[in-house]
Amino acid sequence: MARPPGLSVRQKLALSYAGFLMVAGFLLLAVVWVFLLRYVPRDAVPTIGGFVPGRDDLIRAFLPAAGWMLVFLLAFGLVGGWILAGRMLAPLERITDAARRAASGSLSHRIALPGAQDEFRELADAFDAMLARLEAQIAEQRRFAANASHELRTPLAISQTLLEVARSDPDSDTAQLLERLSAINARSIELTEALLLLSRADQQAFAKERVDLSLLAEEGAETLLPLAEQRGITLETTGDLTPVEGSPALLLQLTTNLIHNAIVHNLPTGGTVHVGTTARAGRGILTVENTGEKLTPALVATLAEPFQRGAERAKSGTHAGVGLGLAIVAAIVRAHGGSLTLAPRDAGGLRVTVELPG
């Protein structure tokens with residue numbers, strides 16, 4: 001943005017310091033006049049040993065010295081103000097330099113301003129925190145874009161291979177080819193819709209309403225009950241009235257993803273999934289627990305990242321998902337101002353706790 005040239009902050013501060021000193025000097029002269037000189041007779045008063053100087057004599061003797069003192073105060077104010085302003089604005093120069101580096105794409109630089117806590121240190125610390133968040137978000141976006149490109153490229157490459165094989169073999173089974181292409185296309189659509197839902201949640205492009213989280217949990221469990229029965233999983237839901245503020249569609253997607261994840265990544269047979277909701281301290285809490293293999297804390301810490309499937313996910317077949325289930329859950333929770341906690345169960349499996357504003 002083009003701006004007209006003007007005085008720098010340092011110049012303005014130096015002129016302000018000099019101006020304050022000049023005002024103080026004139027006020028001091030006014031005090032001398034009001035409380036001293038005006039009570040002195042104008043003319044000199046003769047005495048036995050000589051005379052007492054009058055007001056005019058004092059003014060003639062005092063005025064040149066006062067003038068030189070004002071000139072000294074002006075020069076001292078300008079020079080001293082320039083030096084003091086430079087020392088005070090030095091941290092601002094470091095912050096400006098860091099902002100220019102960030103604008104050029106260097107987000108790894110930190111100001112790390114030393115010294116005691118003051119306004120400049122608070123600004124520098126806030127700027128460093130912002131740079132750290134931006135750097136982490138950009139790194140996550142780059143990683144997400146690379147993973148998404150890989151996930152989208154794989155079905156396209158498989159489709160191309162199937163078509164080339166069918167083209168080179170006129171006697172190939174057309175029905176089998178169409179079935180494979182249909183399955184690959186369905187998985188590509190599923191991945192694309194998951195990416196769009198994730199983007200929508202991150203952008204918070206939704207209107208908030210008052211909804212009952214327990215009803216959404218029951219609806220999600222009812223929808224996935226056939227899948228649980230097919231895999232021999234016992235699905236239990238309990239909970240009280242749990243009012244929260246948010247998007248009903250996104251919160252239903254959240255509960256469905258959690259229950260689906262708990263069903264798919266469970267024991268081969270005889271597993272259980274427990275879904276519970278409760279209201280506590282003005283917040284709605286959703287808990288989804290499932291049985292399964294024992295998980296390490298290091299693995300659990302990565303499950304909410306996009307396209308992180310874990311060992312069991314990589315081996316699963318039907319309903320394996322696209323690796324975005326918990327990532328979508330995390331984005332929806334973040335967009336609603338809540339918190340998501342993943343913890344391994346001692347007996348095996350995973351416990352997921354979602355807290356949302358009530």
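**Loops, then helices**

Reply: Ala-112 counts as exposed, at 53% relative accessibility. The model is a predicted one.

Me: Where is Ala-112 placed?
Reply: Ala-112 is exposed, at 53% relative accessibility. Its place is in the loop between helix 2 (55-103) and helix 3.

Me: What is phi of Ala-112 near?
Reply: Most residues other than glycine have a negative phi. Ala-112 is a residue other than glycine with a positive value, and its phi is near 50°.

Me: Is Ala-281 buried or exposed?
Reply: Ala-281 lies in the loop between strand 6 (272-280) and strand 7 (283-290). Its phi is positive, near 55°. Exposed means over 50% relative accessible area. With a relative accessible area of 77%, Ala-281 is exposed.

Me: Is Ser-159 buried or exposed?
Reply: Ser-159 is found in helix 3 (residues 119-168). The cut-off for buried is under 20% relative accessible area. At 18%, Ser-159 is buried.

Me: Which residues is Ser-159 in contact with, leaving aside its neighbours within four places in sequence?
Reply: Ser-159 is buried in the model. With neighbours within four places in sequence set aside, its contacts are Leu-181 and Ile-184.

Me: How far apart are the end C-alpha atoms of helix 5?
Reply: Helix 5 covers residues 213-230, which is 18 residues. At 1.5 Å a residue, helix 5 should span 26 Å. The model agrees, with its end C-alpha atoms 26 Å apart.

Me: Where does helix 5 bend, and which proline follows within four residues?
Reply: The bend in helix 5 is about 50°. Its place is Leu-224, one of the buried residues of helix 5. The proline that follows within four residues is Pro-226.

Me: Which residue just after helix 5 takes a positive phi?
Reply: Helix 5 runs over residues 213-230. Just after helix 5, a positive phi of about 70° is taken by Gly-232.

Me: How far does helix 6 reach from its first C-alpha to its last?
Reply: Helix 6 (residues 248-264) has 17 residues. At 1.5 Å a residue, 24 Å is expected. The model is close to that, and helix 6 reaches 24 Å.

Me: How many residues of helix 6 are buried?
Reply: The buried residues of helix 6 include Leu-250, Leu-254, Asn-257 and Asn-261. Helix 6 is largely enclosed by the rest of the structure, because its buried residues number 12 of the 17.

Notes: Residues numbered from 1 in each chain as written. Predicted model: local features only at pLDDT ≥ 70, side-chain atom pairs only at ≥ 80, totals over all residues. Heavy atoms only, no water. Helix = DSSP H or I, 4+ residues; strand = E, 2+ residues; numbered from the N terminus. Buried < 20%, exposed > 50% of the residue type's maximum accessible area, 1.4 Å probe, protein only. Contact = heavy atoms within 4.5 Å. Expected span 1.5 Å × (residues − 1). Bend = angle between axes of the 7 residues up to and from the residue.
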